[in-house]
Amino acid sequence: MTNEEIIIAGFGGQGVLSMGKILAYSGIMQNLEVSWMPSYGPEMRGGTANVTVIISDERISSPILSAYDTAIILNQQSLDKFESMVKPGGTLIYDDNGITVPPTRTDINIYLVQAAKAAAEKNMNKIFNMIVLGGYLKVNPIVSLENVEAGLKKSLPERHHKLIPANIEGLKLGAEIIKKIK
Amino acid sequence: MGELRLMKGNEALAEAAIRAGVDAYYGYPITPQSEVMEYLMAANPIKTTGMVVLQAESEVASINMVYGAAGAGKMAMTSSSSPGISLMQEGISYIAGAELPCVTVNVVRGGPGLGTIQPSQADYFQTVKGGGHGDYHLITLAPASVQEMADFLKLAFELAFKYRNPAMILSDGVIGQMMEKVELFDPIPRRTDEFIKETCPWATTGRKKGTPHRIITSLNLVASVQEAFNKKLVDKYTKIKENEVRCELINCDDAEYIIVAYGSSARTSMKAVDLARAKGIKAGLLRPQTLWPFPEKQIQQLAKTAKGFLSVEMSAGQMVEDVKLAVNGTVPVEHFGRMGGMIASPGEILQALENFINKK
């Protein structure tokens, strides 16, 4: 049975919302039910952006949650806000770029994906979010790479389809660099 | 099977308007419903179906453009969010008084006043108890998913034309902004002028010599004539109440405690019911899909066996009054809700349900 409740959170501009959208579209390609609920309005302006994504093989009840199976965290504010909201036994994935106070919980699985560093080294800044997503899918292969590719095709306008191979490369890089630290 | 897409509720509603063969959309931007007009402007359906999409100079202008187009028998609609819908109330009352079909959409945000742009359900009273002046009702549909944003747009027009009555889709910021999988219905061609002439004998489609004038007005200065018209409206509303109530019952068969919730509150409450069941509480959910007409009979039926009702809405307690009227004092009824754009989590709703049960 699939029922994964995910929060993705970071700064506006890091591709948080689009990462969630690609994940949701991939879920549709895999015949799953999906929901994508963003933060909107003033809380996003120049500040943090987050999106709740649920992927399930059953009808999704609440698109809004107060506890998550997985938190994907890309800045300190989001770590402060969401670390405590991961269910016991759940997963926290974070990029330590700009993180001064790392996560401390001992009852969850914590993974580090240094996507910002890898993106800078390989000149792949535009697909930073795909590196993060690749890391997540390595930890929890909830959707197949083929379905992510199909999701990208469906969600991107045709003129951007030439960028799909680079996005897939980013996913693969993320899968390589993610490591469990707790 | 129709086309599958991942869309925001607002986008699904806009796409459904094009596919339903709507003739005209008039609107004015306001968060959290601006994607409706953004989507329509980008789709530019004048080139494909001939549908007019126009940004009016204000909400007052939008609703009066709808009034005019509806008078010609066209499928006309507008959408806005709470403060904008307040501005439209005069026009809505006139359209109800002129017995014209149209669809208005309210993606509700927190109020009163300019309030907040975050989700709310505090426009329930405005929608089902009046809003504008005079004895009238709006057929009110409450979508709880992106799928229903698309499906109810089509249904709202069907009901509006069936009864020559304005219909309102009462949504909220959550349903408008969230994305879900939606199966889009196949496009329906716009109605031809000949078809409108044939099926809308009341519409002002141009007068042939020797035929009587068709007058669309909400003005009747003779009291007895106005009363006769009011009685006709009452008869129509009675018919709608008898035939058009829609609701969904979830886990209600053996339920001792029933949550009544619509729109996004129904979604959070659905999860709260699951959490309650996991703790051994026999909880169920009644989700009105029509808020007017209200599922009174369904609630009365459940009240014969249930021990209590909890009305959950993002307001200070509005729909709870209709639940109480339906239950009519036979079992306890309480309200739980957050306000001002705050959303009650499933856990909070479960807590409220447990408090309600333990109080008794």
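How many bridges pair strand 2 (residues 24-27) of chain B with strand 4 of chain B, and in which sense? Two bridges, in the parallel sense. A word on terms: strands (E, at least two residues) and helices (H or I, at least four residues) are DSSP runs, numbered from the N terminus, and two strands pair if DSSP finds at least two bridges between them.

Before going further, note that this is a predicted model, where local features need pLDDT of at least 70, side-chain atom pairs count only at pLDDT 80 or more, and totals for chains, interfaces and linings use all residues. Residues are numbered from 1 along each chain as its sequence is written, while chains are lettered from A and ligands numbered from 1 in the order in which they are written.

| Strands of chain B | Sense | Bridges | A bridge pair |
|---|---|---|---|
| strand 2 and strand 4 | parallel | two bridges | B:Y25 and B:M77 |
| strand 4 and strand 5 (residues 102-108) | parallel | four bridges | B:S80 and B:N106 |
| strand 6 (residues 139-141) and strand 12 | antiparallel | two bridges | B:T140 and B:W292 |

Contact here means that the C-beta atoms of two residues, placed from the backbone, lie within 7 Å. Angles run from 0 to 180 degrees between N-to-C directions, and axes are lines fitted to C-alpha atoms, for helices over the stretch in contact.

## The five-stranded sheet of chain B

Another open sheet in chain B has five strands, in the order 9-11-10-13-14, and its pairing is mixed. Strand 9 (247-250) and strand 14 (333-336) of chain B are the edge strands, pairing on one side only. Strand 13 (residues 308-312) of chain B runs parallel to strand 14 of chain B over four bridges, and B:L310 stands opposite B:E334.

Strand 11 (residues 283-288) of chain B holds B:P288. B:P288 is buried, with 28 other C-beta atoms within 10 Å. Not counting residues up to four places away in sequence, B:P288 touches B:A142, B:C247, B:Y262, B:F294 and B:P295.

## Helices of chain A

Over in chain A, helix 4 (residues 128-139) reaches 17 Å from its first C-alpha to its last, close to the expected 16 Å; that expected span is 1.5 Å times one less than the number of residues. 10 of the 12 residues of helix 4 of chain A are buried, so the helix is largely enclosed by the rest of the structure. Its buried residues pack against several elements of chain A, including helix 1 (16-29), strand 5 (86-94) and helix 6.

Helix 6 (residues 164-177) of chain A also packs with helix 5 (residues 145-155) of chain A, at an angle of about 145 degrees and with the axes 11 Å apart. Among the residues that meet there are A:L145 and A:L152 from helix 5 of chain A, and A:I164 and A:L171 from helix 6 of chain A.

## Where the chains meet

The contact takes 19 residues from chain A and 21 residues from chain B. On the side of chain A, strand 2 supplies the largest share, six residues. Strand 2 of chain A also joins strand 8 (residues 179-184) of chain B through two bridges, and these strands run antiparallel. A:S35 has B:E180 as its bridge partner.

Note on methods: Buried ≥ 20, exposed ≤ 12 C-beta atoms within 10 Å, placed from the backbone.
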